[in-house]
Amino acid sequence: MRRLLATLAALLVLPLLLPASEFDWMVREFSRESGVRQMNIPFFGLARFAVSVAHPAGASELKLAIFENPNFDSTGFSRLVDQITGTAWKPIVRVRSRNGESTNIYAQTQGQNLRLLITSLDHDDATFVQVRIRPESLIKFIDEHDHH
């Protein structure tokens, strides 16, 4: 019984002792700098689990954070995200619309995997999405579903 209680206690405390992921750190930094809190997304943990098991289109990891009503223009948003991502993430796509929307895509290699960080700002929210994919699996998925 003691062993069971010790194991359960360790399982509850261990996540608190482990360092937060890089994504979690970026989300906290954005929240701190912008003054906007991250929204809770019900059942998103289930979606993350499904991606980690099924690997749809070569994806093996999915993280998402949404912030409602950030007070940024597209330039300020991109500047803050660039500051938060630092040099570890390489910007590969940057799009700004005339109506104030902004999308930035960053990449990072991790062995044979590619990690993508997509940040987006529209009028009502800011979104951070991080995925880890196997490029070969993604290309195969696209080829199989290409319906010209």
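User: At roughly what angle do the axes of helix 2 and helix 4 cross?

Analyst: This is a predicted model. Helix 2 spans residues 22-34, and helix 4 spans residues 74-85. Their axes come within 10 Å. They cross at roughly 140 degrees.

User: Is the crossing of helix 2 and helix 4 left-handed or right-handed?

Analyst: Two packed helices are described by the angle between their axes and the distance between them. Handedness is a further label here. For helix 2 and helix 4, the crossing is right-handed.

User: Which residues of helix 4 make the contact with helix 2?

Analyst: Helix 2 brings Trp25, Met26, Glu29, Phe30 and Glu33. Across both helices, the contact residues divide into six nonpolar, one polar and two charged. From helix 4 come Phe77, Leu80, Ile84 and Thr85.

User: How much space lies in the largest pocket?

Analyst: Its lining includes Ser21, Gln38 and Lys63. The lining residues divide into four nonpolar, two polar and four charged. The space in the largest pocket is about 230 Å³.

User: Which element gives the largest share of the lining of the largest pocket?

Analyst: Helix 2, helix 3 (44-54) and strand 1 (59-68) each give two or more residues to this lining. Among the lining residues are Phe23, Asp24, Val27, Arg28, Phe44, Arg48 and Leu64. The largest share is four residues, and it comes from helix 2.

Note on methods: Residues numbered from 1 in each chain as written. Predicted model: local features only at pLDDT ≥ 70, side-chain atom pairs only at ≥ 80, totals over all residues. Heavy atoms only, no water. Axes fitted to C-alpha atoms, helices over the stretch in contact; angles between N-to-C directions. Left-handed = near helix turned anticlockwise from the far one by under 90°. Contact = heavy atoms within 4.5 Å. Nonpolar A, V, L, I, M, F, W, Y, C, P; charged D, E, K, R; others polar. 1 Å grid on protein atoms, 1.4 Å probe; cavity = no way out; pocket = protein on both sides within 12 Å on 5 of 7 lines; lining within 4 Å. Points joined across faces, edges and corners; volume = space filled by probe spheres on them.
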